[in-house]
Amino acid sequence: MAIGKAISRVEAGDKVTGAARYTEDVRVAETAHAVLLGSAISAGRVRGIDTRRAERAPGVLAVITHLNRPDFAAVPPTPYTAEGRMPLVDDRIHYAGQYIAVVVAETREQAEHAATLVVVDYHRTSPVPTLDAALSQAYIPRENGLARVPSEYRRGNAEAALAAAPVRVEEEYRTAALSHAPIEPSSTLAYWEGDRLTIYDSTQSVHMHRPLVAIAFGVPEDRVRMYCSLVGGGFGNKSYSWPHVFLAPMAARVVRRPVRVTISRKQVFTGTGHMAATVQTVRLGADQDGRLRALIHDSVNQTSFIDDRQETASAITPYVYAVPDLYARIRVTKVNTGTGGAMRTPGDSAGAFALESALDELAHRLGMDPLELRRRNHADVDPVSGRPWSGKQLLACYDQAAERFGWDRRNPEPGSARDGDDLIGYGMAGGQRTEHQRPAQATVDLTDDGTAVIRSSMVEIGGGGLTTLSQIAADGLGLPTAAVTFQHGDSALPAAAPTFGSMTSGSTGSAVKLAAADALRAAIDLAVGDRRSPLHGADPDDVVAHEGGLRLRDRPGDGESYRALLRRNRINTLRGDGDFQPEGEDAEHAMATFGVHFTEVRINRYLPRVRVVRHVAAFSIGRVLNAKTARNQAQGGIIMRLGAALMENQRPDPVSGRFISPALTDYHVPVNADIGEIDVIFVEEPDTNANPLGARGLGEICAVGICASVANAVHHATGKRVRSLPITPDKLL
Amino acid sequence: MRPFTYLRAPDVATAVRAISAEPGAKFIGGGTNLVDLLREDIEQPGTVIDITGLPLTGVEELPDGGIRIGALVRNSHLAAHRLVTTRYPMLSQAILSGASPQLRNMATTGGNLLQRTRCLYFYDGAAACNKREPGSGCDAIGGFNRQHGVLGVSDDCLATHPSDMCVALAALDATVETRSEHGVRRIPLVDLHRLPGTTPHRETVLAADELITAIELPPPPSGAVSRYRKVRDRASYAFALVSVAAVLKVRDGSVSTVRLALGGVAPKPWRAYAAERALLAAPATEESFTRAAEAELTAATARPGNAFKIELARRTIVATLRDLLAEGSAA
Amino acid sequence: MRLNFTVNGRAETVDDVWEGESLLYVLRERAGLPGSKNACEQGECGSCTVYLDGVPVCACLVAAGQAEGREVRTVEGLADGDRLDPIQQAFVDAGAVQCGFCTPGLLVQAHDLIERVPRPSDPEIREALAGNLCRCTGYEKILDAVRLAAERKAGAR
């Protein structure tokens, strides 16, 4: 069995030699380069834009503005069109950095130079600069394509239950806006041949985004071919088509040449979304024995003047604990900022900071161990639907991670543990993520050289899908993983689930499994019907895949290789089709992934920078497909969120509303030296209630609960409760 | 980036002549700051003069026991040089706490002195900044000023000097040597940078045609211990919120020698003379350290966003001196 | 201007280089070596790290003219033909590669570290790699890979 093994990723060789080709590495002859000029102001209009000097600069082919742009055919639908307003449609400015001109030149350097020569006359209006400035204007967004989940959920009477509860916690929590900050800036290369559009785009899904481009340019979808084989990190920002994706084909039409747009690092911050800042209140009511009676979770996030996009911070809350009376609400409020976007892990990460911090406060108030408080409120079934979970090993996660961490050594008294000048704190928090599934298709071709080829449009973002899906096909056909190759990242291939929302393993993985089974079935049918096969006449159900071929289940000697079977029958390839269709609303089981985190912090009592020296997490995600890629992905998710806990903050200027730290110099993400020991436990249990493969997603659940675990540890170390992220040294002085 | 003429200077005299002839020209050494500023359109020189070929790459011992550091010695080379690690370990610590290995491999000693502020508003071409565009105003004052200075700042500019190395050099009584068509000049490092006042765009006392050729350090005070301590938002690769360079010698329980400089809090590497005066001959105790820190910081002016820096600076000074006291007694 | 330099042991002459171009741009767009990645253009992420005269630098901050007459080695020049350098092999074996975009720069920087410090301590590794941001944040496995490469190299000596 290859599944579950810690094999090295199949594309690693290319990635360590520089041979791997990302979107910006694709070379097409005659490519011109476009640079996007962003607005310097965050609210107002472009009163005038003088492009004459830029047009005369060396190498310049065109300068496109709202005044001379070609029309878009239509506005493609949200949510995967990132902004509901198409770029350059009018003179209005909704946020700083919004594109107001496209400069196309022979080289990128020439385009950059020419962009500095464009003179813009702005009509400024007074911006709404920050979430705080807009807080009083919060509202429940109208249901539309962007409101991904219901904005309100109610069971029982939470207000009355809260009032009646003997113990209460009511606090406000704040999370900062975060940048996905993938190392690869988004890049799009587009060219037209008549009405055929070829587009290389750093996207997390060629199949989700191809129709958007087709609609925008008014061409049939099958005239658009979108490629993306490797993505250099996305974390959600490449799960949308941002304005540059539409500007590249537009510019290519104007200059009648292939055009590449690679956005600048600054534009990664302003032009590809962010996780919106939130202000949340959590109100908990409990009995003296820690049983939750009432939970009210209210969240407000900033959104843009273009769109109502929720940061769904309280969306998961109804599902997490067995609370009889509960109310959750998500509101948005307009700020002169770009539209936010889903970032690992949308909603749940910000929401868990508030909910799991509040639980820690409750435990402290009750004098109860915070882990015990969670055990007492464990949701044995889905509290929303009453359905059983497809698989949930959260209690085992609690036990195993607590033991590995040494949670029982914790003296509950804050400030009680010291080592020299260091205050030591232990904290914990839980996490939960609803499991999503999408239809996914794949084919698996058995070839007459005894190998197999997977065909599916999956994009490899770093999660290891190329490897795990190859393992799945290999197992299904009794082949070594090395005998499986993968054609992917091309919209001409069968449609994979997108590489976001933790759907690769469960959905695309299941499609590959079904395709491999179909190919196997075809091979078996061929063999049992072939007089020259040693398997001729056998019951197909008695034939199994084994070491590069087929054999009888009970008589290992009788069989033959795929190679012999196919060649004898003069068949080059035998195709298996896989079409995974999730059960959807009618599913018998509720599906989610679960996790728990334990964190040790050390804080110098004079110079209080929080250092996370040890972190232990355990996850319940069904079956683990590849121990090596899974562990790395989980550790990465944890470390990424340690950044949110301790340093990350995409700050707007409080006056102008411009993001003022649009560089990696100032937007701090963790560096290697920040990281202590990160230990990950998987409590495995194949979950075939969820899908044929038995695997649920990992990429997102691994990043939920960390911020609260750190904040709770900081409280334990110092007695100080920090309810506003990130926890920087100044907050602990 | 705007087009510019690129010249390569083979020797100091040519370099100096070239810059005298080209008003607005810039020298490029390591380029770690200048290339970035060119790309951001903040620096717009018509000519860039590459001086990396000049023979200013040596670290030499001086007859008095001090050292002379060529202006083009790379930061990583300097930090690892035996004369520095043995005599001025604090200088090594300061250099190694700045930037990243790759940047230190490129950055030069002279360039480090002249690096420009990392004020977010200075870098944001859409913001008002008196340093970038004299007379335009300062958006940092009413804006996000958590990183900004509390000592030596003015109502026109709150920016801090970003260097770590310079803080150590200030505490080590370094002298800067320059060359221009008018000859050689020697400037105490503490006098190299100006305070902003009403002219924050004038950052140093150097004339436009002056080339830094070397830094000289006097011999380290005998029997003293020293340390560079930097407080920042992440463990590495971040500019200082506050940093302290301290040299301390205690005799019979009293401070006999002290030199103290601060980083991250002022428009220039900040020699803490008031604190030094308060400490000299005082008993080497935590109370004295605290009093000294407060003597320096009474002059501090904070904005709401950076008031914490005063407390953080106080604590960092005290913690650093306390550690040095322990180290000195152990030695 | 014309630029002459050596890259991965091969002499290169490139014409019509614009003064404002970076070494990274020259490598990627003119010398056919896109392995080094363009990610921040500011020297802040380390993805473009290459050897310049044997010392790792951020190629995005090297003005093209400064590479005149000098020797450059990129990620494409680490392997010996088809044989991966121990640091490359260790990144594969330890699972230290995720999206891979930071990998080329990390490899050059880590390669330099174990050349200079054959058995680096964990804090030395973490500090030496502090200028190489990994947003998949695979720092744990990267650390494992550097340790593994150092062990293997020491074993081979």
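Visitor: How many helices and strands are there in chain A?
Guide: Helices here are DSSP runs of H or I with at least four residues, and strands are runs of E with at least two. This is a predicted model, so local features need pLDDT of at least 70. Counted that way, chain A has 17 helices and 27 strands.

Visitor: What radius of gyration does chain A have, and why does it agree with a compact globule?
Guide: Chain A holds 733 residues, and for that number a compact globule would be near 27 Å. The C-alpha trace spans about 80 × 70 × 50 Å along its principal axes. The value for chain A agrees with the globule because it is also 27 Å.

Visitor: What percentage of the residues in chain A is buried?
Guide: A residue is called buried if 20 or more other C-beta atoms lie within 10 Å of its own. Among the 733 residues of chain A, the buried share is 63%.

Visitor: How many nonpolar residues are on the side of chain C that touches chain A?
Guide: The contact takes 43 residues from chain A and 46 from chain C. On the chain C side, α2 (86–94), α3 (103–116), α4 (122–128) and α5 (139–156) each supply at least two residues. By class, that side has ten charged, 13 polar and 23 nonpolar residues.

Key: Residues numbered from 1 in each chain as written. Chains lettered and ligands numbered in written order. Predicted model: local features only at pLDDT ≥ 70, side-chain atom pairs only at ≥ 80, totals over all residues. Rg over C-alpha atoms; globule rule 2.2 N^0.38 Å. Buried ≥ 20, exposed ≤ 12 C-beta atoms within 10 Å, placed from the backbone. Contact = placed C-beta atoms within 7 Å. Nonpolar A, V, L, I, M, F, W, Y, C, P; charged D, E, K, R; others polar.
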